[in-house]
Amino acid sequence: MNNLPTIDIKGKEYVLVKDRILAFHELYKNGSIITEKTELDTRVEFKATITPDVDKPTRIFTGHSQATWGDGYINKTSALENAETSAVGRALAFLGIGIIESIASADEVVKAQNTDKGFSPRPVQQKPVAKPVNSNNPF
């Protein structure tokens, strides 16, 4: 389903999450969208689960997103809503709704543009690396 309205962001066309949701409800009358929230000290994370037909749950699509409290313009007041919307948009994209050039929605692209540069959402602690047992396998 790629005949949804789009917006242009830097020369690429993207579909808004609201249009993906409207298309889902039109196409899948017996479908469901469920979100799960995890709040952490510095961020909120969401998992969205899309089931096109709850009577036949053989196909399930998930999407994840996170937002850091107070990071960037939107997350200063709406981190929770922003993360939930992005997770739903990604899950709907995995179902095939609103994909044009990528899974990202217009909402996600705007979110990325408004995020402070140099932000690392999951800081990595340096750990000693063990030498591989098999010298041919770098992992």
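Ala 48 has Gly 63 as its bridge partner in strand S5. The model is predicted: local features need pLDDT of at least 70, side-chain atom pairs count only at pLDDT 80 or more, and totals for chains, interfaces and linings use all residues. Residues are numbered from 1 along each chain as its sequence is written, and side-chain values use heavy atoms, with hydrogens and water left out. Helices (H or I, at least four residues) and strands (E, at least two) are DSSP runs, numbered from the N terminus.

**Strands**

- Strand S4 (residues 43-51) and S5 run antiparallel and are joined by eight bridges; two strands pair if DSSP finds at least two bridges between them.
- Six of the eight residues of S5 (residues 61-68) are buried, which leaves this strand mostly covered. Buried means under 20% relative accessible area, exposed over 50%, and partly exposed in between (1.4 Å probe, protein chains only).
- Strand S3 spans residues 32-39 and includes Ser 32. Ser 32 counts as buried because its relative accessibility is 17%.
- Beyond its neighbours within four places in sequence, Ser 32 is in contact (heavy atoms within 4.5 Å) with Phe 24, Thr 49, Ile 50, Thr 51 and Val 54.

**Nonpolar core**

- A nonpolar core is a set of buried Ala, Val, Leu, Ile, Met, Phe, Trp, Tyr and Cys residues joined through side-chain atoms within 4.5 Å.
- The largest one has 19 residues, and those touching the most other members are Phe 24, Val 44, Ile 50, Leu 92, Leu 95 and Ile 97.
- At least two residues of this core come from each of helix H1 (17-27), S4, S5 and helix H2 (72-95). H2 gives the largest share, seven residues.
- Not counting residues up to four places away in sequence, Phe 24 touches Ser 32 as well as Gly 31, Ile 33, Ile 50, Thr 51, Pro 52, Leu 92, Leu 95 and Ile 97.

**Salt bridges**

- Side chains of opposite charge can pair when their charged atoms come close. A salt bridge is a side-chain nitrogen of Lys or Arg within 4 Å of a carboxyl oxygen of Asp or Glu, and the count by this rule is three.
- Asp 19 and Lys 18 meet through their side chains at 3.0 Å, N to O. Asp 19 is buried because its relative accessible area is 9%.
- Glu 39 bridges to Lys 37, with the closest N and O atoms 2.8 Å apart. Glu 39 is partly exposed at 48%, and Lys 37 is partly exposed at 45%.
- Glu 45 and Arg 43 form a salt bridge at 2.8 Å, N to O. Glu 45 is buried at 19%, and Arg 43 is buried at 13%.
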